[in-house]
Amino acid sequence: MPARLIVYPPEAAAISRWIPAGSHLRIGRDPACELRIDHPSISRLHAELIHDAEGWRLVDLGSKNGTHVDGLQVAHAGLDRSEGWLRFGDVLCEFSLHEDAEAEVWQARERERRALSAAWTRRLEGAPPADDDAQAAAPGDADLAGDILRGVVELAGCSRGFLLLAQGEDFLVQASLSLERDDLNARAFSGSVGAVQRCLHERQPVVVNWIDDDPWLSQRSSVVTGGLQSLVCLPLLHAGRTLGAVYADRRGAGEAISQFDMELLAAFADSAALWLLAQRAFDALEPAAAPLRWTRILGAQATSS
């Protein structure tokens, strides 16, 4: 019976790994490990998952910060339940057993998500939709910024978001989804301003799967008020230039945003940045009659924190 391990590193995308029956998986910071987790609480050779005639077993490899099963530290433990929680150092993991058919369904889902990403990219390019592009190429607003935002929200499994584009020294909210103008203004914004600030400052994607367990977000008033569960923010970059950023989040439970998802999202964001420039959408986009400037949101949030 194959197993699935989902690793939730702090402030990073989840790592999802299928482990075939009859195999083993070494876990640690060493590049030689089959599953490398780059976190300071993880030892070079931390633990090993093994499947043999005895079933699934977890063995600690003399780690400094310990291996835990459902909250209890172990040196060796059988994993005979269909699901449970593991912890390596400070990194929480979800372990589950599946039938072969279930594993095949998940693998098919990854293929479907690759196809969906390709469909959204074709939509940005203005190419005719393929037969399987119905969801991504549904009739609607042909606006490029709106398409980029909808693509990120769907690929991330989120429910709402907005897209910022740079204009001079400021950023304009160019598109929004399931957020009214008043929702983005002043103290009404219930998303994470901090995630957007960090994304723009570091020019790197920001992803958080369990906001309640994230120290830099869980105490922010906007996040607590909004009841957020997960979020992602992607910079739109080209040739050293920051064109803007796309933010998406969700309140309810959902599938973790994984490294696989982030690879798809990063590739989509790269294509989006190119098309913003190639179609002259970035410099030619006319601001709204009364553009909503991001600095107003930052100022309001700063006074309410």
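Glutamate 104 is placed in helix H1 (residues 100-125); helices (H or I, at least four residues) and strands (E, at least two) are DSSP runs, numbered from the N terminus. The model is predicted, with local features requiring pLDDT of at least 70 and side-chain atom pairs counted only at pLDDT 80 or more, while totals for chains, interfaces and linings use all residues. Residues are numbered from 1 along each chain as its sequence is written, and side-chain values use heavy atoms, without hydrogens and water.

Glutamate 104 is exposed, at 52% relative accessibility (exposed, over 50% relative accessible area; buried, under 20%; partly exposed, in between; 1.4 Å probe, protein chains only). Together with Glu99, Asp100 and Glu102, Glu104 forms a negative surface patch (residues with over 30% relative accessible area and no salt bridge, like charges being joined within 9 Å; a salt bridge is a side-chain nitrogen of Lys or Arg within 4 Å of a carboxyl oxygen of Asp or Glu).

Three aromatic pairs were found in the whole structure (ring centres within 6.5 Å, the six-membered ring being used for Trp; planes under 30 degrees apart are stacked, over 60 edge-to-face, the rest tilted). One of them, tryptophan 56 with phenylalanine 95, is edge-to-face, at 6.1 Å centre to centre and 70 degrees between the planes. Tryptophan 56 lies in strand E6 (residues 55-60) and phenylalanine 95 in strand E11 (residues 91-97), so the pair ties together parts 39 residues apart in sequence. Tryptophan 56 is buried at 5% relative accessible area, as is phenylalanine 95 at 2%.

Phenylalanine 162 and tyrosine 247 form a stacked pair, with 5.1 Å between centres and 25 degrees between planes. This pair links strand E12 (residues 160-167), which holds phenylalanine 162, to strand E16 (residues 241-250), which holds tyrosine 247, the two residues being 85 residues apart. Phenylalanine 162 is buried at 1% relative accessible area, and tyrosine 247 is buried at 1%.

Technical notes: Patches are made of residues with over 30% relative accessible area and no salt bridge: like charges are joined within 9 Å, nonpolar side chains (Val, Leu, Ile, Met, Phe, Trp, Tyr) within 5 Å. Accessible areas come from the Shrake-Rupley method with a 1.4 Å probe; for residues, only the protein chains shown count as cover. Lys and Arg count as positive and Asp and Glu as negative; His and the chain ends are not counted. The place of a charge is taken as NZ of Lys, CZ of Arg, CG of Asp or CD of Glu.
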